[in-house]
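The sequence and the coordinates are shown first, and a description follows.

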Amino acid sequence: METLNFLVQGFGVALEPYNLMFALAGAFLGTLIGALPGLGPANGVAIIIPLAFTLGLPPETALIMLTSVYAGAMYGGRISAILLNIPGDSPAMMTCLDGYPMARSGKAAEALAISAVASFIGSLLATIGLIILAPLLADFALTFGPAEYFALFALAFATLGGITGKNPVKTLTAAAIGLMVATVGVDATGVQRYTFGMLELYEGVDFIIAIVGLFAISELLFFIEDAALGTRKPIAMNRLKLSWRDLVAILPTSLRSGVLGFFAGVLPGAGASLGSFVSYTLEKRVVGRDGRFGEGDPRGLAAPEAGNNAASSGALVPMLTLGVPGSGTTAVLLALLISFNITPGPLMFSQHGDVVWGVIAALLIGNLLLLVLNIPLIGLFVKILSVPQAYLLPIVTMVAFVGIYSISNSASDLYFMIAFGVAGYFFRKLDIPLVPVILGLLLGPGMEQNLRHALELSDGSWWTLVGSPLAIGLWAFALIGVLAPYIVGPLLRRRMPSGPAD
Amino acid sequence: MKLNDRIFGLGLLVIAIAYGTSAFHFPEPFAGSAMVGPGTFPKLLAALLGLCSLYLIFRPDADNPWPSARTGLELVTAVVVLLVYTVALVPLGFIISTTLAVGTLIWRMGAPPVRGFGVGLAAGLIVYFLFTALLNLPLPAGPLTMLEVY
């Protein structure tokens, strides 16, 4: 068992006291960020990235910390969903359905505990799935040539909106904008492109600045616009009365939903939103008439929680093995890897094995930490909910400022960040998704490089891009990804509750 | 109304054309292949964005409501605060500029101004000492040079 060996090594990395400390800090910060209503995991990870940089952490430590933030944000998201009926991000919408009624009927503590256990089971199953599937997929990906990679990148963009996405053309528009911004700077052949003679643009646009601007600053502007909404008072906590029987009762649900969620996370175009939705719907079918779904059935709470946490771990599979993230948060994690000069993909497993397996082990440890952390500290997190947003968002913005400023101590970076924030506000107003913009920025250089290699190998014939069955298959999937929302989308969307998109 | 997408699409079309035309005028690279020059990939992108913008112009979605004039003014104020924060960061130092910027934002978001500036000052002080004393990352001290940690 080669994999098992690597995993043991990974645990060695993740259990170093230094790394463990950052994992704990990350899990705590992540839960805090996730619990803040309206501040999703992608935002949270985005704000913390510059800090990871300026602290000069080694890559494995930075990644371990941010994976913990990621896992923590998923845990935290459920707190505002259950106690406030406000989902922090779109997958948490399904959690509101049974979580909020359960809390209202005086079982807030039980609802939080059950969802924590279900989240843990979902993540655990998915991490095991990741351990089994990732090396297999990485081996398979070794057979990819440049033409296949080019097609794979196209597939990533085409499916990013998800089959429930509203308008795939807007996803493509966003991707094109991101890719175009990525071409700014001096290219691989030494030619200046779109720099307008500005020295700051010679090295291109730093995607960390773009990410923080697009996510954090545009979030501030949106908050100001919604400021009239005010803060809702969270439901008061009660004394926890949970028996083993209650936990055993949700076990089958959590296992089923965890497996389902994992596959939804791995598949391009599905993601955590669909993971929690499919899990909830299936569970409703399986339980049938015995359930009181929608009125506070614990199983209706466990299913989407296990499903979305499993999907978020599952989403790491394509990101780590192919370098193609399937969600906003994994895109932000990819940004971190690239800035450490680690190219995700099959070669990462052989060249940076310690990083990959350290992260996977950290995911397991992080989840355990979160489960333990969540029970005694739940009161603290609930307090966070009652802090008025008028105080929170300006402080979050300030943290973003400090983070970006301390990367290079330059004011021009801050101007770029503000500009991206304003652009992000307009994009969101126009329903142009932000994640493809960021993915375009991240994947642009790689996409161009693969195109160049592919055409050099074929002496300039463009047919090489569809020259192998694998490439044709990838293009076919990309085409389905663009067309499916028009065909299947309306059917699915009608059944899903509407809410904020991430 | 479906004006937003049309106007945005039109803007993107202009950008696509400008971006695409300049891709034809890049200088020939000394090194590298003739197969894929610096302009090849941008030309593809210009075509993609051009097609997308045409779709937006001819098949626009319904508009999202824009904020009222008053909220709009608050948004502009927030952006101005951020810009002034950036300008003032070095001359005024981190603590003073943070107090002013965070305080103004909190106040404009509807909290009592005195408490807002108080929170701003506290946040500025905490982050300043966290960064300079604990993490060894310099932040501009401005006129408060006696706080500089060496």
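Into which domains is chain B divided? Chain B consists of domain 1 (3–58) and domain 2 (69–147). The description below concerns a predicted model.

## Overall form of chain B

Chain B contains five helices and zero strands. Read from the N terminus on, its elements follow the order α-α-α-α-α. Of the 150 residues of this chain, 32% count as buried. Among contacts between residues at least 6 apart in sequence, 56% join residues of chain B that are at least 24 apart.

The radius of gyration of chain B is 24 Å, whereas a compact globule of 150 residues would have a value near 15 Å. Along the principal axes, the C-alpha trace of chain B spans about 60 × 50 × 20 Å. The C-alpha centres of domain 1 and domain 2 of chain B are 40 Å apart.

## Overall form of chain A

Chain A has 20 helices and two strands. Its radius of gyration is 22 Å, close to the 23 Å that the globule rule gives for 502 residues, so chain A is as compact as a globular protein of that length. The C-alpha atoms of chain A fill a box of roughly 70 × 50 × 50 Å along the principal axes.

Of the 502 residues of chain A, 62% count as buried. Among the contacts in chain A with a separation of 6 or more, 81% come from residues 24 or more positions apart.

## The contact between the chains

How many residues of chain B are in contact with chain A? There are 49 such residues in chain B, and they meet 46 residues of chain A. Helix H1 (3–23), helix H2 (40–58), helix H3 (69–92), helix H4 (94–108) and H5 of chain B each supply at least two residues to the side that touches chain A. H3(B) gives the most to this side, with ten residues.

## The largest nonpolar core

The largest nonpolar core holds 215 residues, of which A:Leu66, A:Ile211, A:Val212 and A:Ile438 touch the most other members. Helix H5 (residues 93–141) of chain A gives the most to this core, with 24 residues. Domain 1 (3–58) and domain 2 (69–147) of chain B both give residues to the core, so it lies between them.

Leaving aside residues up to four places away in sequence, A:Leu66 touches A:Gly26, A:Val45, A:Ile48, A:Ile49, A:Ala52, A:Leu333 and A:Leu336.

## Helix H9 of chain A

Helix H9 of chain A covers residues 244–266. At 1.5 Å a residue, its 23 residues should span 33 Å, and the end C-alpha atoms are 32 Å apart, which agrees.

Which residues of H9(A) are buried? They are A:Ile250, A:Thr253, A:Ser254, A:Ser257, A:Gly258, A:Leu260, A:Gly261, A:Phe262, A:Ala264, A:Gly265 and A:Val266.

## Two loop residues with positive phi

Most residues other than glycine have a negative phi. A:Asn341 is not a glycine, yet its phi is positive, at about 65°. This residue is found in the loop between helix H13 (328–339) and helix H14 (346–351) of chain A. A:Asn341 has 8 other C-beta atoms within 10 Å and is therefore exposed, since a residue with 12 or fewer is classed in that way.

A:Asp431 also has a positive phi, near 60°, and is a residue other than glycine. A:Asp431 lies in the loop between helix H17 (411–429) and helix H18 (435–457) of chain A. Is A:Asp431 exposed, partly exposed or buried? With 18 C-beta neighbours inside 10 Å, A:Asp431 counts as partly exposed, because burial requires 20 or more.

## A residue in helix H5 of chain B

B:Ala133 lies in helix H5 (residues 113–134) of chain B. It has 11 C-beta neighbours inside 10 Å and so counts as exposed. From C-alpha to C-alpha, B:Ala133 and B:Phe117 are 23 Å apart in space, and 16 residues separate their positions in sequence.

Definitions and conventions: Residues are numbered from 1 along each chain as its sequence is written. Chains are lettered from A and ligands numbered from 1 in the order in which they are written. This is a predicted model: local features need pLDDT of at least 70, side-chain atom pairs count only at pLDDT 80 or more; totals for chains, interfaces and linings use all residues. Helices (H or I, at least four residues) and strands (E, at least two) are DSSP runs, numbered from the N terminus. The radius of gyration is taken over C-alpha atoms; the globule rule is 2.2 Å times the number of residues to the power 0.38. Two residues are in contact if their C-beta atoms, placed from the backbone, lie within 7 Å. A nonpolar core is a set of buried Ala, Val, Leu, Ile, Met, Phe, Trp, Tyr and Cys residues joined through C-beta atoms within 7 Å. Domain bounds come from an automatic or database domain assignment. The expected span of a helix is 1.5 Å times one less than its number of residues.
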